[in-house]
Amino acid sequence: MKLSMLLWLMSVLPQPLADQTCLATTVYLEARSQSTVGQMAVAEVAMRRRERGQWGGTVCDVVKSPHQFALTTTPLTQEIDNLAAFQKAWDIAGKSITNWDLPADERRFFVPHADHFATVSVAPAWSRNHSAVTIGDHKFYSIN
């Protein structure tokens with residue numbers, strides 16, 4: 001399935017199914033080759049941003065914010081062709097959304113306070129002077 005088809009689905013699905021689709025696609029694009037913990041950490045960043053409301057009020061709003069996640073920087077012709085990896089991303093998205101439905105003191109965190117991440121091979125300007133937690137190929141930062 002092409003990314004363009006998934007984006008269309010996200011636009012017509014009811015909530016909360018749309019948010020799970022947006023988050024699963026983001027986890028797939030950002031971290032499909034990473035460990036479960038690494039994928040949960042990517043999902044956690046998106047959920048934290050949604051909770052803070054700085055990038056939008058829904059998961060879809062957050063992950064579709066320009067230049068914030070791979071969903072807006074990946075060509076629309078990209079094939080989502082690893083179905084096992086997408087199924088895992090779907091499961092992680094569901095677990096993450098369920099986790100964030102809990103009261104804050106009952107949630108499980110993998111990267112507490114992190115609201116940004118980048119691959120270890122780059123050092124974005126916004127990451128300077130910020131400590132990071134590294135999980136797999138990503139560094140997770142608390143910027144805001």
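Trainee: How far is the charged end of Arg49 from the centre of the Trp55 ring?
Mentor: Quick caveat: this is a predicted model, where local features need pLDDT of at least 70 and side-chain atom pairs count only at pLDDT 80 or more, while totals for chains, interfaces and linings use all residues. Residues are numbered from 1 along each chain as its sequence is written, and side-chain values use heavy atoms, with hydrogens and water left out. A charge sits over a ring if NZ of Lys or CZ of Arg is within 6 Å of the ring centre and within 35 degrees of the ring normal. Arg49 does that with Trp55, and the distance to the ring centre is 4.1 Å.

Trainee: And which residue has Arg32 over its face?
Mentor: Here the ring centre is 4.6 Å from Arg32. The ring belongs to Tyr28.

Trainee: What handedness does the disulfide of Cys22 and Cys60 have?
Mentor: The structure holds 1 disulfide (cysteine sulfur atoms within 2.5 Å). Cys22 and Cys60 form it, with their sulfurs 2.0 Å apart. The S-S torsion is about 100°, so this disulfide is right-handed.

Trainee: Which residues do ring pairs link into a cluster?
Mentor: The whole structure has 5 aromatic pairs, meaning Phe, Tyr or Trp (six-membered) rings with centres within 6.5 Å; planes under 30 degrees apart are stacked, over 60 edge-to-face and the rest tilted. One of them is tilted, Phe69 with Phe117, at 5.9 Å between centres and 55° between planes. Phe69 comes from the loop between H4 and helix H5 (83-101) and Phe117 from strand E1 (residues 116-119), so that pair ties together parts 48 residues apart in sequence. The linked cluster is Phe69, Phe117 and Phe140.

Trainee: What kind of pair do Phe117 and Phe140 make?
Mentor: Phe117 counts as buried, at 13% relative accessibility. Its ring centre is 5.6 Å from that of Phe140 and the planes meet at 40°, so the pair is tilted.

Trainee: Which strand holds Phe140?
Mentor: Phe117 and Phe140 are both buried. Phe117 belongs to E1, and the pair ties together parts 23 residues apart in sequence, so its partner Phe140 is placed in residues 138-141, strand E3.

Trainee: Which helix and strand each supply at least two residues of the lining of the largest pocket?
Mentor: A pocket is an open set of 1 Å grid points where a 1.4 Å probe fits, with protein on both sides within 12 Å along at least five of seven lines; lining residues have an atom within 4 Å of a point. Among the residues lining the largest one are Val45, Arg49, Phe69, His116, Phe117 and Trp126. The elements you want are helix H3 (36-52) and E1.

Trainee: How far apart are the C-alpha atoms of Phe117 and Val42?
Mentor: Phe117 is in strand E1. Along the chain, Val42 is 75 residues away, yet the C-alpha separation is 7.6 Å.

Methods. Helix = DSSP H or I, 4+ residues; strand = E, 2+ residues; numbered from the N terminus. Buried < 20%, exposed > 50% of the residue type's maximum accessible area, 1.4 Å probe, protein only.
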